[in-house]
Amino acid sequence: MRKFDINEDPHRRYNPLINEWVLVSPHRSKRPWQGQKEAVNTVALPEYDPECYLCAGNVRMNGEKNPDYKGSFVFENDFAALKQEPIDFGGNEEGSFFKAQPERGISRVVCFSPRHDLTLPEMDVDGIVNIIQTWQREYTDLGAIDYINHVQIFENKGSVMGCSNPHPHGQIWAQSSLPTQVQKTQDNLKAYFDKNGTNLLQDYLKEELKVKERVVVENDHFAAIVPFWAIWPFETMIVSKRHITKITDFTEDEVAAFAVILKQLTTKYDNLFETSFPYSSGIHQAPTDGEEHPEWQFHMHFYPPLLRSASVKKFMVGYEMMGESQRDITPEKSAEMLRNLSEVHYKQK
């Protein structure tokens, strides 16, 4: 019987954050690609677009005019996924297959910059610091509302990720329940903490920093790694080195360090295929339910869909829908590729 080779042989890897497995098939990365190719947008965006609903001074769909903002700008989503009004709900019958419950919440849009043509990797560090400070204020303000128990900060970048407007922006959805992925993470972090008396992500990061095999970039306060259990080809996770449960725990130095590593990582993404790299990213942090959550560790996920080039993406279909998540390129290989890329944006070379 041949000895197992983790870089060549099919195997499963365990994700302790959500208690799920991923199938890794490294030998499949050699297969030829004759499938769909995405259109690559090479059109240079203007600094200001008079037709853009998010640019400073422009009128949005609901008739409201954006202020002449200079840094970041936050407003209530004109097409909010959640509503703030309380609803009288009688509930479901016990044992019913048709369970439903009303969900109350607030949806906001965060414009990162008045510049229509700048994404995170092309912004300066001070501009990214301004975004982080905005996230801190929003987490504090929304989390203080009595019925809000979770504040989800996220960004969908690129049309391939369903982003309908190229103006650099993210969103915040704050709601009364913990959403499914966060609830899974909460349960597993809490179970680990109760069993070991230590923090799962802190313990995991210490091991990653020993081997360095999946570390993309790090500084004194944060590390960006390709998780051992990564699903997406170039998935990464930024984790705080100090025990920080939420973004409002950051010191001034940590805010600056987080801004730097965000710029470094997203620049590497753009440099990989010399394109504005699409992704969905999101911050996971402690719930805002008023309880202490020592089991939590601040972290930020990046889920990019691109696989082989700017035009070839990973599809979650077939086996992924019916069985479990699967990836071809190993996390170690994708970390190496990202790590070796320049931190100077390809447009500036």
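**Exercise 1. Which residues line the largest cavity?**

Solution. The model is predicted: local features need pLDDT of at least 70, side-chain atom pairs count only at pLDDT 80 or more, and totals for chains, interfaces and linings use all residues. Residues are numbered from 1 along each chain as its sequence is written, and side-chain values use heavy atoms, with hydrogens and water left out.

Step 1. On a 1 Å grid over the protein atoms alone, a cavity is a set of points where a 1.4 Å probe fits but cannot get out. A pocket is an open set with protein on both sides within 12 Å along at least five of seven lines. Lining residues have an atom within 4 Å of a point. Grid points are joined across faces, edges and corners, and a volume is the space filled by probe spheres set on the points.

Step 2. Read the lining. Arg-13, Asn-15, Ile-18, Glu-20, Trp-21, Val-22, Trp-229, Ile-231 and Ser-325 line the largest cavity. Strand E1 (11–15) and strand E2 (20–24) each give two or more residues to this lining. E2 has the largest share, 3 residues. Strands (E, at least two residues) and helices (H or I, at least four) are DSSP runs, numbered from the N terminus.

Step 3. The largest cavity holds about 50 Å³ of space. Its lining has 5 nonpolar, 2 polar and 2 charged residues. Here Ala, Val, Leu, Ile, Met, Phe, Trp, Tyr, Cys and Pro count as nonpolar, Asp, Glu, Lys and Arg as charged, and the others, Gly among them, as polar.

**Exercise 2. Describe the second largest cavity.**

Step 1. Its volume is about 40 Å³.

Step 2. The lining is Ile-231, Pro-233, Leu-307, Lys-314, Gln-326, Arg-327, Asp-328 and Ile-329. By class, that is 4 nonpolar, 1 polar and 3 charged residues.

**Exercise 3. Which residues lie nearest the centre of the second largest pocket?**

Step 1. Gln-181, Trp-232, His-284, His-301 and Tyr-303 do, out of 29 lining residues.

Step 2. Assign elements. Strands E5 (150–157), E6 (169–175), E10 (279–284) and E11 (299–303) and helix H2 (180–196) each give two or more residues to the lining. H2 gives the most, with 5 residues.

**Exercise 4. What does the secondary structure of the protein come to?**

Step 1. The count is 6 helices and 14 strands.

Step 2. Note the extent. The C-alpha trace spans about 70 × 60 × 45 Å along its principal axes.

Step 3. Note burial. Buried residues make up 50% of the 349 residues.

Key:
Buried < 20%, exposed > 50% of the residue type's maximum accessible area, 1.4 Å probe, protein only.
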